[in-house]
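Here is a quick walk through one chain, from a single residue out to the whole fold. Have the model open while you read.

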Amino acid sequence: MTRWIPAVLGMLMIFFGAVWTLQGANLLLGSFMTGSRLWLVIGLVLLIGGIALLSRTVRTRARH
């Protein structure tokens, strides 16, 4: 039942990481995060973490 939680968490991390990366890179306007290098780095870390979590979840499910 709780096997879907890491997959959903990974997808949310990818989504927010992508948005924050684009805002930090000044490609997505309309926020206090726009153009901030800090949010670019935070977004990239979250994006990479989300991809790792989601890929690990998919690989674990494929084994079962």
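Gln23 sits in helix H1, where helices (H or I, at least four residues) and strands (E, at least two) are DSSP runs, numbered from the N terminus. This is a predicted model, so to speak of local features takes a pLDDT of at least 70, side-chain atom pairs count only at pLDDT 80 or more, and totals for chains, interfaces and linings use all residues. Residues are numbered from 1 along each chain as its sequence is written, and side-chain values use heavy atoms, with hydrogens and water left out.

Is Gln23 buried or exposed? Gln23 counts as buried because its relative accessibility is 9%; the cut-offs are under 20% relative accessible area for buried, over 50% for exposed, and partly exposed in between (1.4 Å probe, protein chains only). Leaving aside residues up to four places away in sequence, Gln23 touches Leu28, Ser31, Met33, Thr34, Gly35 and Ser36, a contact being heavy atoms within 4.5 Å.

| Residue | Relative accessibility | Class |
|---|---|---|
| Gln23 | 9% | buried |
| Leu44 | 38% | partly exposed |
| Trp4 | 47% | partly exposed |

Trp4 is also in helix H1. Together with Ile5, Val8, Met11, Leu12, Phe15 and Phe16, Trp4 forms a nonpolar surface patch with about 670 Å² of accessible area. Patches take residues with over 30% relative accessible area and no salt bridge, joining like charges within 9 Å and nonpolar side chains (Val, Leu, Ile, Met, Phe, Trp, Tyr) within 5 Å. A salt bridge here is a side-chain nitrogen of Lys or Arg within 4 Å of a carboxyl oxygen of Asp or Glu, and areas come from the Shrake-Rupley method with a 1.4 Å probe, with only the protein chains shown counting as cover for residues.

Now for the other helix. H2 (residues 37–63) has 27 residues and spans 39 Å from first C-alpha to last, close to the 39 Å expected at 1.5 Å a residue (1.5 Å times one less than the number of residues). Its buried residues are Trp39, Gly43, Leu47, Gly50, Leu53 and Thr57, and these pack against helix H1 (4–24).

Zooming out, the chain has 2 helices and 0 strands. Its C-alpha atoms fill a box of roughly 45 × 15 × 15 Å along the principal axes. Of the 64 residues, 22% count as buried.
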